[in-house]
Amino acid sequence: MPVCAGLHSGVSEQPPRSLHDLGFSEFADLLAAEGVIPHHAKVLWRALHRDGVLDLAGQEFLPPLKRWVAASVGPGKAFSLDAPAVVDEIRSTDGLTRKFLLRLNDGQVIETVLMGYDGRQTVCVSTQAGCAMGCVFCATGQMGFVRHLRAGEIVAQVLHARRVLKTIDPNKRLRNLVLMGMGEPLHNYDAVMQALEMISDVRGIGIGPSKIAISTVGVVPGILRLADEGRPFRLAVSLHGSTEEERAALVPASKRWSLALLMDACRKYGETTGKRIFFEWTLIAGKNDSPETAARLVELLRGIDAHVNLIPLNPTGGFVGTASQAGHGFQKILIAAGFPCTFRQRRGIDVAAGCGMLRAEKRVKSAQSQGSHEL
Ligand code: SAH
Ligand code: SF4
């Protein structure tokens with residue numbers, strides 16, 4: 001029987017390569033080049049992705065694999081893992097939403113949220129540290145762009161959420177993923193697609209592609225690429241404005257990809273894929289919440305299989321959220337025109353995710369749990 005002969009890995013001069021960055025085939029090929037036989041590569045990949053193991057040295061692997069791990073994975077060695085450290089955790093008062101501030105290997109801090117309402121377990125992940133798109137009502141946008149996340153750093157957030165869920169209720173499974181944390185997923189297209197392939201791989205985490213939603217501010221080339229490549233994920237487009245001016249005042253990226261271009265791309269996406277598009281609309285008092293705006297939105301969406309998600313604003317930068325009566329008036333206009341239109345629940349993502357606000361929040365120590373506090 002061939003053995004894992006990869007002991008030549010040893011100490012490396014190169015920066016370590018994260019094993020979490022590698023999809024199953026790439027992983028098997030890379031480890032084969034290290035002398036690790038396919039069976040052991042499979043065992044290791046499953047341990048990382050299906051079982052979420054971080055302590056590889058403590059695993060009951062067969063001796064050749066154990067030797068390769070000891071020689072090759074860890075500080076100063078050729079390979080590393082993405083094992084983000086929890087810097088902080090907040091919980092919604094109903095306990096159904098937990099937001100984690102996670103520190104990456106290079107010290108960057110990002111947000112990941114586990115949500116457990118409506119009987120569904122959903123994780124919301126970040127795709128970048130910061131964001132280059134600068135939306136004026138978004139705390140992440142106001143931070144500016146720091147860097148793209150690697151695929152392994154995106155996968156590691158899902159693995160973290162699964163580990164936490166297991167401690168809450170081992171019978172519950174994490175079945176839904178939304179890319180609505182910090183950053184613009186289609187600005188980091190390749191790493192995001194690589195991560196989603198891994199996350200939906202049934203040999204690992206196995207979240208169904210139809211349960212994965214990519215939310216974009218409207219990166220037109222990315223939307224067209226999703227359609228051309230036949231990516232099986234759900235698409236959410238953050239619209240927020242019904243005219244070029246209205247949108248540009250909230251979403252600076254629309255100066256690069258105009259509303260007209262964006263709506264063309266959405267039509268093309270719908271025609272090519274036959275899929276429904278979810279349009280997100282953060283309601284901001286006096287900016288995009290009038291009945292006239294709702295009527296223009298109806299015209300923009302004509303002919304598109306669209307669902308509109310109205311998001312209550314998490315107030316930042318002096319903006320004020322739309323009062324509930326005006327919000328319901330807005331919703332009624334869309335529904336009357338035949339578009340499904342729902343309010344996103346504040347106890348979920350909007351209370352706790354999507355906007356990079358955790359660091360700005362006042363921290364209140366929770367008496368019951370270590371390092372956690374309530375919203
Ligand atoms: N960059 C992507 C995904 C991350 S933002 C995008 O913009 O779609 C996810 C969602 O959170 C977007 O719809 C965004 O408009 C919304 N969001 C950002 N800041 C918010 C805030 N302060 N209140 C409510 N929603 C916000
Ligand atoms: Fe970036 Fe999305 Fe925030 Fe806009 S709303 S700044 S695209 S994260």
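A: The second largest pocket holds about 250 Å³ of space. A pocket here is an open set of points on a 1 Å grid over the protein atoms alone, where a 1.4 Å probe fits, with protein on both sides within 12 Å along at least five of seven lines. Its volume is the space filled by probe spheres set on the points, joined across faces, edges and corners. Lining residues have an atom within 4 Å of a point. This is a predicted model: local features need pLDDT of at least 70, side-chain atom pairs need 80 or more, and totals for chains, interfaces and linings use all residues. Residues are numbered from 1 along each chain as its sequence is written, chains are lettered from A and ligands numbered from 1 in the order written, and side-chain values use heavy atoms, without hydrogens or water.

The lining includes R50, D51 and G52. L159, R162, R163, L165 and K166 also belong to it. So do P170, K172, R173 and L174. By class, seven are charged, four nonpolar and one polar. Asp, Glu, Lys and Arg count as charged; Ala, Val, Leu, Ile, Met, Phe, Trp, Tyr, Cys and Pro as nonpolar; the others, Gly among them, as polar. Domain 1 (7–80) and domain 2 (85–367) both supply lining residues, so the pocket lies between them. These bounds come from an automatic or database domain assignment.

Now the largest pocket. About 640 Å³ of space lies there. It has 25 lining residues, and R120, V178, R234, N309 and R344 are the closest to its centre. The lining divides into 11 nonpolar, eight polar and six charged residues.
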